[in-house]
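Open the model in a viewer and keep the selection panel at hand. The stops below follow one another as selections.

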Amino acid sequence: ANDATLMKASVQHSKQFVMTADEENTQNSLSGIGSLSPDAAAKTYRLEGDKALTKGNKKSFEAAENFYSKALSYDTMDEVALCNRSLVRCILGMFKESAVDAA
């Protein structure tokens, strides 16, 4: 194998490790969510959605949509979660769902 191939494999392996570490950090931050008040749980899920949104790839957008949906299950009036979920749904091509959130 040439140097370029080895470098590409090394970068790909590093990305997988970083994603796994990020997912583990998310799991740790959500482990005690059942003991939180509804407002605190909504905020926690919204903040996790915000983190996922900033990563900028399809997998993270899907995760963000899920986190914002969970936040809204605790607080249906969370305008930031609703707006951000609308944005993520638009990015993911979920245009009808995005329009409902935006309305």
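**A tour by selection**

Select Glu 65 and Arg 89: both are buried (under 20% relative accessible area with a 1.4 Å probe and protein chains only; exposed is over 50%, partly exposed in between). This is a predicted model, in which local features need pLDDT of at least 70 and side-chain atom pairs count only at pLDDT 80 or more, while totals for chains, interfaces and linings use all residues. Residues are numbered from 1 along each chain as its sequence is written, and side-chain values use heavy atoms, with hydrogens and water left out.

Show the side chains of Glu 65 and Arg 89: they form a salt bridge at 2.8 Å, N to O (a side-chain nitrogen of Lys or Arg within 4 Å of a carboxyl oxygen of Asp or Glu). Glu 65 lies in helix H3 and Arg 89 in helix H4 (residues 79-91), 24 residues apart, so the pair links distant parts of the chain. Helices are DSSP runs of H or I, at least four residues, numbered from the N terminus.

Asp 101 belongs to helix H5 (residues 95-102) and Arg 85 to helix H4, 16 residues apart. Both of these residues are buried. Glu 65, Arg 85, Arg 89 and Asp 101 are linked in a network of salt bridges.

Move to Glu 62 and Lys 58, a salt bridge with its closest N and O atoms 3.8 Å apart. They sit four residues apart in helix H3 (residues 58-74), about one helical turn. Glu 62 is partly exposed at 40%, and Lys 58 is exposed at 57%.

Technical notes
Helices (H or I, at least four residues) and strands (E, at least two) are DSSP runs, numbered from the N terminus.
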